[in-house]
Amino acid sequence: MGVTHHGRTHRLDLADPTLREWECTVLAADPEQGIVLDRSAFYPGGGGQPPDHGVLLWQGVQTRIVGTRKGDDLYLIPAEGDPVPPPGTTVTGAVEDGRRTRLMRTHSGLHVLCGVVFRDFGALVTGGNMEPGEARMDFNLPEVPPDFKSRIEELVNAEVAADRAVAVRVLPREEALALPDIIRTQSNLIPPNEQEVRIVDIVGLDVQADGGTHVASTAQIGKVQVVKVESKGRANRRVRVRLAD
């Protein structure tokens, strides 16, 4: 569960993050509980990345998808008042491209930030969150140089311009955890029962366990602006970033 499937749903979003439209079948549907598909490219949220929005198209009808609920299955949440396709219905799923693409760029940008801060300042991540085009990441960083904000913006954008490949692979748990510095958070967030681990590798900069969607190379991120660096405790520093466009 989690890498290729969640419950009865085949996760197309992790196999191909560029996929925006696909055919699928409704396995279960309820206006309150949500809609379960046999195949879905909707990213359900997690790791600080919010869920996708989009639509299901069926028999001349449109159902807007405004969120996801995780349980034994992945439940797509329909917009209030929208019709819900009954089980067995063949539908076309479509992810809102602008939101997803911006989230992919933002998420990959955070990995570049994480890689730069770990490489140059030795700091681990203590938290983070993102919305399309803007994000924050917290680091365990007791000492902050006076020019930290300008330095990390320059270093991050140098790595973006380097057009580093972003490679994704799935490894057995033991093999993944044997990779050096694979856990970039202060605590290990990989569920203990997860036997496969998805690895996102910004080649030559950052390798870490991650379950989100990403662009294919750092050049696709675009320019990153470091908006603010805040102190959130004696050793915790919050870095706020946004995409320039």
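This is a predicted model: local features need pLDDT of at least 70, side-chain atom pairs count only at pLDDT 80 or more; totals for chains, interfaces and linings use all residues.
**Entry 1: Phe148.** At 2% relative accessibility, phenylalanine 148 counts as buried, because the cut-off for buried is under 20%.

**Entry 2: aromatic pairs.** Next I asked myself how many aromatic pairs there are. The count comes to 2.

I took the pair of tryptophan 22 and phenylalanine 42 to begin with: the rings are edge-to-face, 5.4 Å centre to centre, with 75° between the planes. I then checked where the two residues sit. Tryptophan 22 belongs to strand 3 (residues 21-30), while phenylalanine 42 is in the loop between strand 5 (39-40) and strand 6 (54-58), so this pair ties together parts that are 20 residues apart in sequence. I also noted that tryptophan 22 and phenylalanine 42 are both buried.

Then back to my starting residue. Phenylalanine 148 pairs with phenylalanine 121, again edge-to-face, at 5.0 Å centre to centre and 80° between the planes.

**Entry 3: helix 2.** Phenylalanine 121 made me curious about its helix. Helix 2 is mostly covered, as 18 of its 25 residues are buried. Glycine 122 follows helix 2, and I found its phi to be positive, near 70°.

**Entry 4: a charge over a ring.** Last, I looked at tyrosine 75. Arginine 69 lies over the face of that ring, 4.2 Å from the ring centre.

How values were computed:
Residues are numbered from 1 along each chain as its sequence is written. Side-chain values use heavy atoms; hydrogens and water are left out. Buried means under 20% relative accessible area, exposed over 50%, partly exposed in between (1.4 Å probe, protein chains only). Helices (H or I, at least four residues) and strands (E, at least two) are DSSP runs, numbered from the N terminus. Rings of Phe, Tyr and Trp (its six-membered ring) pair if their centres lie within 6.5 Å; planes under 30 degrees apart count as stacked, over 60 as edge-to-face and the rest as tilted. A charge sits over a ring if NZ of Lys or CZ of Arg is within 6 Å of the ring centre and within 35 degrees of the ring normal.
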